[in-house]
Amino acid sequence: MLEAKDLTKKYGNFTALDTLNLSIRAGDIFCLLGANGAGKSTTINLFLNFIEPSSGKAFVNGLDVEKNPRKTKQWLSYIPENLQLYQNMTGLENLRFFCGLQGGNQNKEELEALLIQSGLQKDFVLKRVSSYSKGMRQKVGVALARAKGAKILLLDEPTSGLDPKASNEFSELLLEMKEQKVATLMTTHDLFRAKDTGTHIGIMKGGVLVDKMESSQVSFQDLEQKYLRHMHT
Ligand SMILES: Nc1ncnc2c1ncn2[C@@H]1O[C@H](COP(=O)(O)OP(=O)(O)OP(=O)(O)O)[C@@H](O)[C@H]1O
């Protein structure tokens, strides 16, 4: 579970995130929308303890991330917009390497199965990552999250630049993980994906969470209108 309590980040006089209050439970997919510079990545970075809050707190499974950085990171998996993998290594070698860093000891067959379950085509498992599309690299990221058994996913614009099919495949993976009670926080500019995949949607503007809704309670048209109204006021 992820929780923000009055979470605030300031850079000098500038407030990047303003008293955010948010709760994301097991099985939730919370999609955070907002214009460039709205504070979405700042939110993710605070949960990851990459940056310190100016005030307020970020909690992972009830633990303050500032006070328990190692413990809380163990529960999280983070997939950034551009996942950095070793280009000269295969998907399988990358997965083995990064799982090793996480303390994992899966064998070759288990790692291969994780990649295939995460949607990577079998004939790419042993190909160098330099030949992968962005969608394929993201699937390695999902495999890594699965290998870790992470119950919380932090995703920063994971589908930006993916074609609709690849983006849809990524959504399918998120929905599978939702069934396994994974809690997901995903930033995105894709209103359609937010409505289609998210259980909850938040709209951020100027560091403030200006709107929050259950996606089942709004139509796509309503969401689009709400979003545009917030951006124009
Ligand atoms: N180290 C920093 N120093 C000063 N300002 C910063 C710093 N990091 C981020 N900001 C500012 O904080 C604000 C929020 O940035 P953030 O990256 O959270 O936006 P975002 O909603 O993720 O945007 P995008 O959609 O472009 O990724 C921006 O105005 C950004 O310029």
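Author: Two strands are taken to pair if DSSP finds at least two bridges between them. In this predicted model, an open sheet of six strands has the order 6-7-8-3-9-10, and its pairing is mixed. Its edge strands are strand 6 (76–79) and strand 10 (208–214), each of which pairs on one side only. Neighbouring strands of the sheet are turned by 15 degrees against each other on average, with direction ignored.

At the edge formed by strand 10, strand 9 (residues 200–205) and strand 10 run antiparallel and are joined by six bridges; methionine 204 has leucine 209 in strand 10 as its bridge partner.

Helix 6 (residues 164–179) packs on the sheet, where this helix touches strand 3 (29–34), strand 7 (152–156) and strand 8 (183–187), and its direction makes about 150 degrees with that of strand 8. Helix 6 also packs with helix 5 (residues 134–148), at an angle of about 10 degrees and with the two axes 10 Å apart. Since angles under 35 degrees count as roughly parallel, helix 5 and helix 6 are therefore roughly parallel to each other. In their contact, Gly135, Gln138 and Val142 of helix 5 meet Ala166, Glu169, Phe170 and Leu173 of helix 6, a set that divides into four nonpolar residues, two polar and one charged.

As for the ligand, the residues around it include Gly34, Gly37, Lys40, Ser41 and Thr42. Helix 1 (residues 40–47) gives the most to this shell, with three residues, and the shell as a whole divides into three nonpolar, six polar and one charged.

Key
Residues numbered from 1 in each chain as written. Predicted model: local features only at pLDDT ≥ 70, side-chain atom pairs only at ≥ 80, totals over all residues. Near = placed C-beta within 6 Å. Helix = DSSP H or I, 4+ residues; strand = E, 2+ residues; numbered from the N terminus. Nonpolar A, V, L, I, M, F, W, Y, C, P; charged D, E, K, R; others polar. Axes fitted to C-alpha atoms, helices over the stretch in contact; angles between N-to-C directions. Contact = placed C-beta atoms within 7 Å. Parallel < 35°, antiparallel > 145°, perpendicular 65-115°, else oblique.
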